[in-house]
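Please keep the sequence and the structure in view while reading.

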Amino acid sequence: MHWADVVAEKLLESGSEHVISSGITPSGPIHLGSMREILTADAIVKAVNDKGGKARLLYVADNADPLRKVYPFLDEGKYKELVGFPLAEIPAPKGDESYDQYFLRPFFEALERVGVYPEVVNNYQFYKEGKFEECTKRIIDQTETARKILETVSGRQLPKNWFPWTFKNNDGRLCTGKVTKYDWPYVTFENDNGEEVTNNMAKGEGKLPWRLDWPSKWKVLEVTFEAFGKDHATKGGSYDTGKEIIEKILGSKVPHHIVYEWINLKGKGAMHSSTGLAIPAEEMLRMAPPEVIRWLIMQPQPNRHIDFDPGLGLLNSVDKYDRTEKDFYDKKLEENSARAFELSQIESLSKNKPQVLPYRHLVTLTQSKDGNDEIIATLRRTGYIDKLDRNGRKRLETRTKCIEEWLEKHAPESVKFVIQKEPPKIEFNKEDLKRINQLREKMSEVGWTPDEIHDSFYELQEASKTPAKEYFRIMYSVILGKEKGPRLGFFLATMERDFVTERLGTY
RNA sequence: GGGCCUGUAGCUCAGCUAGGUAGAGCGUCCGGCUUUUAACCGGACGGCCAAGGGUUCGAAUCCCUUCAGGCCCGCCA
């Protein structure tokens, strides 16, 4: 059984209504690795609903968290002064938005493209509205229990004067301090400068520290399941302490969970937005069809890491997805693969097998043709499609757009080419010039279809006892100015015969 | 120091939740097809399931130990 269904069945044993939670601290560009979390959660929502349950998907933006440091992608001068302020209160690197929205907005747009529509929880707003009042008060009332849990479970020592609240200093920064007076909902503390500052905890002046904030969210949002990264899953980590806090202090149930692994950039290591080694989710979605992104995450077990190669590997992933799709409709897939495919669909599964054009051909056409109409006309002329239905057209448009972006950003040089408008200046030797003549004759008489053109190269090979490779090389050279290129039969057939013969004639 | 995950064919992985004769794709080799930015069709080769022990009539699967790799935690979230 697919992992999403395994989890869903477990959840349904304890009730039919579920709240599946997911979230992030929007401290930088939200990358593909972060997307694994919400897509994992989304798969479970779908699985629960498919089995007759009712599940909601939440996405918590932890925008009450402070800016921890000046990340490499930030302007040092501008942000040095802003370290310590909640992400929701500081300006974005560009534009008029706040910092958190600047990073969240494109991510949510990306989520729509992969068909994920979560209910967004604005954590900062929640604090302001006093949503955590009850939890905060309970924890403060049982400070000693909370302290004991944190100390024994995590094995760390808390300061003597520990108070379960991260204060808001008189300059607006979050900080620690020594409590001098407490009278719910007010707490007064002494800051580093020896000044006394009073926070109204019911109005979001300050926040709960993370290890208390998380279980409080579980309680307030009635979360029954959460997928989180391995960083939270370590023994004595925030999940372990959160479990105790919610059971012993907040009087609620511990959500079920699964732990997912990181997505590594092939050959470079784990993605981290803080180091800049990451591909933002929205960039990813401009480069690859959304169903393929989903599929990359639905296919493997969540606890396995994914090596992601944005170069040639991405091309292979799309090809593999297409083959999987074909096998799905031909009913040749095993249970788990079929389910992974279903869960990868953006909209409902189409009943009929969609029209598939080889992605590699599109990579060629995108570089040699001007716009989708020309591409479609060429595909029709070369016999790859007969008629394109509406979905087929939509799919093609999405894909050519992805390919353009991919070619620009991550494609390896080996797949890129430019049709030379002017004949490249090449000094061919005598033999080559002879072959060029042979080629020109052949090209002017051969049937102008991919197969016939392709075959003609082997006819030349037979007739001249020269390896076909030589003819390929010449053809690529005169058209692209490089010795390799796309599969020639198809490639030449996409061009006008006259263009090809004239070009050969200039040498 | 502690923890989690992974280890199955040359490579990438499925199978393990619920034990019952080891699977797929790619690669290799052979055959077919006039064959290339990583073509297609058919077939074959290929594995003491990391090692050791235990439970069992029976273990890739469950338990224990060891080894190897990856990562996380011991600041913050």
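Helix α7 (residues 143–154) and helix α10 (residues 238–249) have axes that come within 9 Å and cross at roughly 150°. That angle makes α7 roughly antiparallel to α10. This is a predicted model, in which local features need pLDDT of at least 70 and side-chain atom pairs count only at pLDDT 80 or more, while totals for chains, interfaces and linings use all residues. Residues are numbered from 1 along each chain as its sequence is written, chains are lettered from A and ligands numbered from 1 in the order in which they are written, and side-chain values use heavy atoms, with hydrogens and water left out.

**Terms for helix packing**

- Axes are lines fitted to C-alpha atoms, for helices over the stretch in contact, and angles run from 0 to 180 degrees between N-to-C directions.
- Angles under 35 degrees count as roughly parallel, over 145 as roughly antiparallel, 65 to 115 as roughly perpendicular and the rest as oblique.
- Helices (H or I, at least four residues) and strands (E, at least two) are DSSP runs, numbered from the N terminus.

**α7 and α10**

- On the α7 side, the contact (heavy atoms within 4.5 Å) is made by Thr145, Ala146, Ile149, Leu150, Val153 and Ser154.
- On the α10 side, Asp240, Thr241, Glu244, Ile245, Lys248 and Ile249 take part.
- By class, this contact of α7 with α10 has six nonpolar, three polar and three charged residues (Ala, Val, Leu, Ile, Met, Phe, Trp, Tyr, Cys and Pro count as nonpolar, Asp, Glu, Lys and Arg as charged, and the others, Gly among them, as polar).

**The packing of α13**

- The axes of α12 and α13 come within 10 Å and cross at roughly 85°; the two helices are therefore roughly perpendicular to each other.
- Glu291, Val292, Trp295 and Leu296 of α12 meet Ser317, Val318, Lys320, Tyr321 and Thr324 of α13.
- The contact of α12 with α13 has five nonpolar, two polar and two charged residues.
- α13 also packs with helix α15 (residues 359–368) at an angle of about 130°, with their axes 9 Å apart, and these helices are therefore oblique to each other.
- Leu315, Asn316, Val318, Asp319 and Asp322 in α13 meet Tyr359, Arg360 and Val363 in α15.

**The second largest pocket**

- The second largest pocket is lined by 27 residues, of which Glu291, Glu347, Asn391, Lys394 and Arg395 lie nearest its centre.
- The elements giving two or more residues to its lining are α4 (99–113), α12 (290–298), α13 (312–329) and α17 (390–409).
- α17 provides the largest share of this lining, six residues.
- The lining residues divide into nine nonpolar, eight polar and ten charged.

**Backbone geometry**

- Most residues other than glycine have a negative phi, and most peptide bonds are trans.
- Trp184 and Pro185 are joined by a cis peptide bond, with omega about 0°; Pro185 is found in the loop between β6 (178–183) and β7 (186–190).
- Glu222, in the loop between α8 (210–221) and β9 (225–229), has a positive phi near 55°.

Technical notes
On a 1 Å grid over the protein atoms alone, a cavity is a set of points where a 1.4 Å probe fits but cannot get out, and a pocket is an open set with protein on both sides within 12 Å along at least five of seven lines; lining residues have an atom within 4 Å of a point.
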